[in-house]
Amino acid sequence: MMRSLFSGVSGLRNHQTAMDVVGANIANVNTVGYRGSQSSFSDVISQTLQGASAATGTRGGTNPMQIGLGMGLASVSTIFTNGSYQSTGNQTDLAIQNDGFFIVQDGANQYYTRAGNFDFDSTGNYLVPGTGMQVMGWQADNNGAINTTGAVTSIQVPRGATMPSLAS
């Protein structure tokens, strides 16, 4: 009787966790850059009532006889598949296809995000409007070459800056 109660209680507890994950997915359906999650479960432990036996000359082997003693949450995984791309009407917004993150910095610490709703401030710093964190990246040299092995720096496009036109 205790085994059946333990199995039922562990199932109910973990079902609640699965519902929390689904609820978070629904609550963040319109959050920019949100990646959905999924729950995975596993058998916690099982009690072996009878062990397995090997095959003999006239009879095949048998599997062990086990009773499960409940289940547990194995993991809550982030789903990194591409979502649908939508036009936001803001020319400074970006999106990432496949793997990768944007790097943003608050001055001392760097963070990673997939949300690409960026804008420029009055001095030309490319940033996250709600937090003021600066978007980081590799700067191109005068020839347009980008050294991706160097350190990332804040992206800045000074207001009113111009580039000479080149014939194409």
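Q: How many aromatic pairs does the structure hold?
A: This is a predicted model. Aromatic rings count as a pair if their centres lie within 6.5 Å. The number of aromatic pairs in the structure is four.

Q: Phe101 and Tyr112 form an aromatic pair; what is the angle between the planes?
A: The ring centres are 6.4 Å apart. Planes over 60 degrees apart count as edge-to-face. The Phe101 and Tyr112 pair is edge-to-face, with an angle of 70°.

Q: How many residues apart in sequence are the parts that the pair of Phe101 and Tyr112 ties together?
A: Phe101 lies in the loop between β4 and β5. Tyr112 lies in strand β6, so the pair ties together parts that are apart in sequence by 11 residues.

Q: Is Tyr112 buried or exposed?
A: Exposed means over 50% relative accessible area. Tyr112 has 56% relative accessibility, so Tyr112 counts as exposed.

Q: Phe102 and Phe118 form an aromatic pair; what is the distance centre to centre?
A: Phe102 is in strand β5, and Phe118 is in the loop between β6 and β7. Their planes are at 90°, which is edge-to-face. Centre to centre, the distance is 5.0 Å.

Q: How many residues does the largest nonpolar core have?
A: Phe102, Phe118 and Tyr126 are among its members. Val135 is another member, and Val135 touches Val104, Phe118 and Tyr126, among others. The residue count of the largest nonpolar core is eight.

Key
Residues are numbered from 1 along each chain as its sequence is written. This is a predicted model: local features need pLDDT of at least 70, side-chain atom pairs count only at pLDDT 80 or more; totals for chains, interfaces and linings use all residues. Side-chain values use heavy atoms; hydrogens and water are left out. A nonpolar core is a set of buried Ala, Val, Leu, Ile, Met, Phe, Trp, Tyr and Cys residues joined through side-chain atoms within 4.5 Å. Buried means under 20% relative accessible area, exposed over 50%, partly exposed in between (1.4 Å probe, protein chains only). Contact means heavy atoms within 4.5 Å. Rings of Phe, Tyr and Trp (its six-membered ring) pair if their centres lie within 6.5 Å; planes under 30 degrees apart count as stacked, over 60 as edge-to-face and the rest as tilted. Helices (H or I, at least four residues) and strands (E, at least two) are DSSP runs, numbered from the N terminus. Lists of a residue's contacts leave out its neighbours within four places in sequence.
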